[in-house]
Amino acid sequence: KETEEVFKVKKSSYSKKIVKQLKKEYKEDLEKSKVRTEVNSPTDVEPPLEKTGQIKDIGQEDGTANSEHGEEEMEVESEKEEEKPKAGGAFSSALSSLNVLRPGEIPDAAFIHAARKKRQMARELGDFTPVDSEPGKGRLVREDENDASDDEDDDEKRRIVFTVKEKSQRQKIAEEIGIEGSDDEALVAGEQDEELSRWEQEQIRKGINIPQACVQPSQPAEVNNLYYQNTYQTLSYGSSYGIPYTYAAYGSSETKSQKTDNTVPFKTPSNEMTPVTIDLVKKQLKDRLDSMKELHKANRQQYEKHQQSREDSTKAIERLEGSSGGIGEQYKFLQEMRGYVQDLLECFSEKVPLINELESAMHQLYKQRASRLVQRRQDDIKDESSEFSSHSNKALMAPNLESFGRDRVIYQEQVKRRTAEREARRARRRQAREQTGKMADHLEGLSSDDEETSTDITNFNMERDRILKESSKVFEDVLESFYSIDCIKSQFEAWRSKYFASYKDAYIGLCLPKLFNPLIRLQLLIWTPLEGKCRDFETMLWFESLLFYGCEEQEQVKDDADISLLPTIVERVVLPKLTVISENIWDPFSTTQTSRMVAIVQKLVDGYPSVVNAENKNTQMLLKALLLRMRRTLDDDVFMPLYPKNILENKNSGPYLFFQRQFWSSVKLLGNFLQWYGILSNKTLQELSIDGLLNRYILMAFQNSEYGEDSIKKAQSVIACFPKQWFTNLKGDKTISQLENFCRYLVHLADTIYRNSIGCSDVEKRNAREQIKQIIKLLASIRALDHAVTVANDHNVKELKILIEGK
């Protein structure tokens, strides 16, 4: 900006008064300058640039100065000649370089052409107008970098400093007479034209990018750099070259006197331009044509490359558009499924706790009923046992307190109430058997005392209805698509049929059992296989809905998880429910419940391979619950009373009936235990049934029983409970080790019958012999051949082979 302000020198134009005052002085100075120019201006000598201290470019723009302005400029020059004699040499050399026209003479075309050539050469050579950087000096000074002098005092001279130029003589005169710069600016505002502006811009660019080689260092002596002020006024285009570019040489004070001799006009170099020939033009055209061909070839290759890239891109777009149609639809479908599954899981997260509470409430209701029946049976056994054994213990008991310290009167009232209820139930069962014709084959103790009072039945039904009503309200605020198994199944079936790869990658087949688990448990809320009216789970809606899931394809995919959907659901839903039922609801003393429980478990074992898997945790938990329940029954509910034989001789007495009832209930329990053959291991069953029940309780009852037909009948009932598979594959003449005590009892029974028949009538002896043969058949049926042979030999039974084969 500072440089621009310096180079855009304001053109000073004075008023008419100043012009008139200066005209006289200008004419006198002009005459003197002409004389000096004619004498001291040889045109064939070019001033050496090395000896000039600075280069001063003085020029006037085409069409920017009028005649009046030219007169003012000459007046300024004459004033400077008086003050500084050396400035006249530069001005005279500039005039003589182009044969300066006489005042008033119009330049011709050759003169104008020569002036233009000079100015063009000056531009090409980097001509510029130096400006002094210090106050009082009128030019730009820049020290040459190649100056040989290394003096530190010249550092500031090597730098380009731009400052405001010193006021000219004409400006001083204008200030003395009171003319302000605003008048000058107003006069100059309309005198600039396009050529002047272009020239000023060129001079500014030159001033900014001054070539270092064009600036010569000043003399080490006293330097007096003067700024030659140029003013530009409006001239016609033809007269714009009236004052040509000149070089003004400035030296020291010693050479000022020789200014007229050293001033030399600028001469155009002879070798400025190369001669133009036809061959040169042809060569340039050919080179240009070759370069254009190469450029065209490169452009053509680039064009072909872009065309090929465009074709490839078009094909890729078409291919991707053709293949992305299904992907877009798949993405949309999967996004919808994602939203649906998220909503479904959020719904289940709120409803599953409610389903768990309802299921627990229903299990608790059934458990309370089963516990109430078991407790009533235990109380009845205690009451009867204490009743029939109290005859011998009266003296040992306190008159008013029973053994636990309770009030005996209150306790006896409770016993009487329970006894009345017990006898009433037995009477009703006996009447029912008489009506059905089963009274002759019935034995006391084989019936299950599971009758309930009307109050218990009413309370049970009310609570169950309440739970069912609550269960119907679980999904009342939910859309059908979020709780209906059919709707949920249809969503995943659509996914499976459309995009099976993503369906398989998402492991939906493994997630569906857990997803359907709450809904199936809600439908199985009142499902109890121990009841006769219980519906088979394979006929329920959820089972029929999921039965053919994943079977719509003609060819089944290998390792398809949907094939095992129903077995997995049975494993994860039905087995845990059966575990709870067997542990809390099932009564092993009930033959009906045991038969139903065995049937449902056997059905699962036969129809669902995952249930048979030994590593299945749910199956293991079910079997463990069954064993725990049987052991608890064996320890808590089995009771075998011991009475003297004289008490048991009266078959109508209470102790005898109580003894017979407990014996047959134990045999019934033995049969219930052995119904689990094929489900539980033989070792476990033998441990429970033979060691825990037969040898511990039933054999004790055999020893207190009457030897004869009654004992044989009881032995036949016990042997009928044993699975025949236990004895089919036995090798040798011995039965299983756990039955050795029972076999010895049968041998002892045969001996006792034989001894009792000695001395009796022939009929009694014949009956005794038939009883011994029956004992031999019983021993042969359990594969105790060694004991059978012993009995036959001891009692001279010759039909041993027939008896063994007729087993």
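The model described here is predicted. The chain holds 29 helices and zero strands.

*Helix 24*

- Helix 24 spans residues 709–721, a run of 13 residues.
- From its first C-alpha to its last, helix 24 reaches 19 Å, close to the 18 Å expected at 1.5 Å a residue.
- The buried residues in helix 24 are Ser711, Ile712, Lys714, Ala715, Val718, Ile719 and Cys721.

*Helix 15 and helix 17*

- Two packed helices are described by the angle between their axes and the distance between the axes.
- For helix 15 (residues 508–523) and helix 17 (residues 565–584), the packing angle is about 55 degrees and the axes lie 9 Å apart.
- Helix 15 and helix 17 are therefore oblique to each other.
- The crossing in which helix 15 passes helix 17 is right-handed.
- On the side of helix 15, the contact is made by Leu510, Leu512, Pro513, Lys514, Phe516, Asn517, Ile520 and Arg521; helix 17 meets them with Leu565, Thr568, Ile569, Arg572 and Val573.
- Eight of the residues in this contact between helix 15 and helix 17 are nonpolar, two are polar and three are charged.

*The chain as a whole*

- Of the 807 residues in the chain, 44% are buried.
- Among contacts in the chain with a separation of 6 or more, 80% join residues 24 or more positions apart.

Terms used
Residues numbered from 1 in each chain as written. Predicted model: local features only at pLDDT ≥ 70, side-chain atom pairs only at ≥ 80, totals over all residues. Heavy atoms only, no water. Axes fitted to C-alpha atoms, helices over the stretch in contact; angles between N-to-C directions. Helix = DSSP H or I, 4+ residues; strand = E, 2+ residues; numbered from the N terminus. Parallel < 35°, antiparallel > 145°, perpendicular 65-115°, else oblique. Left-handed = near helix turned anticlockwise from the far one by under 90°. Contact = heavy atoms within 4.5 Å. Nonpolar A, V, L, I, M, F, W, Y, C, P; charged D, E, K, R; others polar. Expected span 1.5 Å × (residues − 1). Buried < 20%, exposed > 50% of the residue type's maximum accessible area, 1.4 Å probe, protein only.
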